[in-house]
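The following note sets out points for a colleague who is about to work with this model.

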Amino acid sequence: MAAYRHCKLPCIDENHKPPTEITSCAFDTTGQKLACAFGDHRVFVFSANAESGHVIEKWEKNIFRALSSLFTNKAIILEVAWKADGTKLVAGDFNNVFFIFSSNGNLLSFTEVSDKLTKVQWNCKGSNHMLLTSCDDGTVVVWDSSERTPLPIQTFSLHTSSVRDIQWLTKETFASCAMDGSIYVCRVGFDEPLNSLFNENAIIAIRYNMKHDSLAFFSYDTNVKLWYLGQDVTREWEGHKAGIYSICWNEGEDSSLLASGADDRTVRIWNINSSLCHSQEVLREQLCLVSAVSFSPDGQYLASADTYGVVILWSTKDWSPLMRCQCAGNVLNINSLKWNPQSTKLVVANHSAMITIIECTSRDGFASSNLK
């Protein structure tokens, strides 16, 4: 039986008031650095050292500061993401600017985009220098980040309303979805999309399954939808009794499994290989709207979080709950749960000044903590 340690790490900066919310967290590809963004143009980066071992509370802390003084209004940093080789960190804010930092915290560049940013994402599929951004005005821009200041490679203006999600599919292709109900699959260097899909309602998020070459997505209804890109065929999975707020694929050995969380307080497990249109499992331990779900990279665990800030870890062997922990604040974002590559640490972004960490202990399992 695995044991889990839960901690809350306070993020207090000397001579600075505590942050009010943690908007985004991300481990680098080595699992040795953790970046956490706050709603005041600060990014805390925790780095492992020889004395710290696996316990994040003992990691060295560095503060990356964006140049908020350049702008009339301080903007919330919406998302942070590490470049695949760990040499750069991008932070996108709500004031239509994204910042790129070196791994040691030096601000390398800040770049304005056409409208409020909705997403930023590095290409981790082989073109590590490419960066993707999306905006409220429906544009998606591909950037070349090989130099100190990123340069735009191509702008796609296919959507007619706010882009809600972007996903790199390969080193040259990506998908994007928007509030106008559209999904476009595009290739860098080509003006016309490779494929497109139009839904009656807004599409909130997309998740790509490389093995099955398919996109899962959800809208303002109770069904999980699946788009087989190669066949240009869609199907729907029925079962939730209220609106869906989160989805994720298992990227471990059983890549046929998809999890979804909804306002009916359930997490449902779906199997892409099944001909049935109903869920394989229904997990009912959450007490309110399930705002985030995330499989561990090795596929052994599923984490789910609800808007009250309760996080549950599940075993994917028998779908039994392994641990439950309470965050200091609410968990409201679909991307709030982030694992390290080794599947031994889970960080939870929540609306408080406390970063919740769930760690696997060296003896027999997992535990949790909270960083300030």
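**Notes on the predicted model**

1. Salt bridges. Over the whole structure, a search finds 7 salt bridges. One of these joins E79 and K119, whose closest N and O atoms are 3.3 Å apart. E79 belongs to strand β6 and K119 to strand β10, so this pair ties together parts of the chain that are 40 residues apart in sequence. It should be kept in mind throughout that the model is predicted.

2. The sheet that contains β10. Strand β10 belongs to an open sheet of 4 strands, in the order β10-β11-β12-β13, with antiparallel pairing. The edges are held by β10 (117–122) and β13 (151–156); each has a single partner strand, so one side of each is left without a neighbour in the sheet. From one strand to the next, the twist averages 20 degrees. Strand β10 runs antiparallel to β11 (residues 130–135), and 5 bridges join the two. Within this pairing, W122 is placed opposite L131 of β11.

3. The sheet that contains β14. A further open sheet has 4 strands in the order β14-β15-β16-β17, and its pairing is antiparallel. Here β14 and β17 (195–198) are the edge strands, each with a single partner, so one side of each lacks a neighbour in the sheet. The average twist between one strand and the next is 15 degrees. Strands β14 and β15 run antiparallel and are joined by 5 bridges. Q167 stands opposite A175, a residue of β15.

4. The largest pocket. Its volume is about 1,500 Å³. The lining of the largest pocket consists of 42 residues, and Q121, C124, Q167, E251 and K338 are those nearest the centre. Two or more lining residues come from each of β2 (22–27), β6 (77–82), β10, β14 (163–168), β18 (203–209), β22 (244–249), β26 (290–295) and β30 (337–339). By class, the lining of the largest pocket has 21 nonpolar, 11 polar and 10 charged residues.

5. The space in the second largest pocket is about 910 Å³. At least two lining residues are supplied by each of β2, β6, β10, β14, β18, β19 (214–219) and β22. Among the strands, β2 gives the most to this lining, with 4 residues. The lining of the second largest pocket divides into 19 nonpolar, 13 polar and 8 charged residues.

6. The cavity. How many cavities of 30 Å³ or more does a search of the whole structure find? The search finds 1. About 30 Å³ of space lies in the largest cavity, and its lining is made up of G138, V140, F156, L158, H159, F174, S176, Y184 and C186. The elements that contribute two or more residues to this lining are β15 (173–178) and β16 (182–187). In the lining of the largest cavity, 6 residues are nonpolar and 3 are polar, with no charged residues.

7. Backbone angles to inspect. Most residues other than glycine have a negative phi. N96 has a positive phi of about 50 degrees, although N96 is not a glycine. N96 is located in the loop between β7 (88–93) and β8 (97–102). D232, likewise a residue other than glycine, has a positive phi near 55 degrees. D232 lies in the loop between β20 (224–228) and β21 (233–237).

8. Over residues 237–274, the chain is 0% helix and 47% strand in the model. The end C-alpha atoms of residues 237–274 are 11 Å apart.

Conventions. Residues are numbered from 1 along each chain as its sequence is written. This is a predicted model: local features need pLDDT of at least 70, side-chain atom pairs count only at pLDDT 80 or more; totals for chains, interfaces and linings use all residues. Side-chain values use heavy atoms; hydrogens and water are left out. Two strands pair if DSSP finds at least two bridges between them. Axes are lines fitted to C-alpha atoms, for helices over the stretch in contact, and angles run from 0 to 180 degrees between N-to-C directions. On a 1 Å grid over the protein atoms alone, a cavity is a set of points where a 1.4 Å probe fits but cannot get out, and a pocket is an open set with protein on both sides within 12 Å along at least five of seven lines; lining residues have an atom within 4 Å of a point. Grid points are joined across faces, edges and corners, and a volume is the space filled by probe spheres set on the points. Ala, Val, Leu, Ile, Met, Phe, Trp, Tyr, Cys and Pro count as nonpolar, Asp, Glu, Lys and Arg as charged, and the others, Gly among them, as polar. A salt bridge is a side-chain nitrogen of Lys or Arg within 4 Å of a carboxyl oxygen of Asp or Glu.
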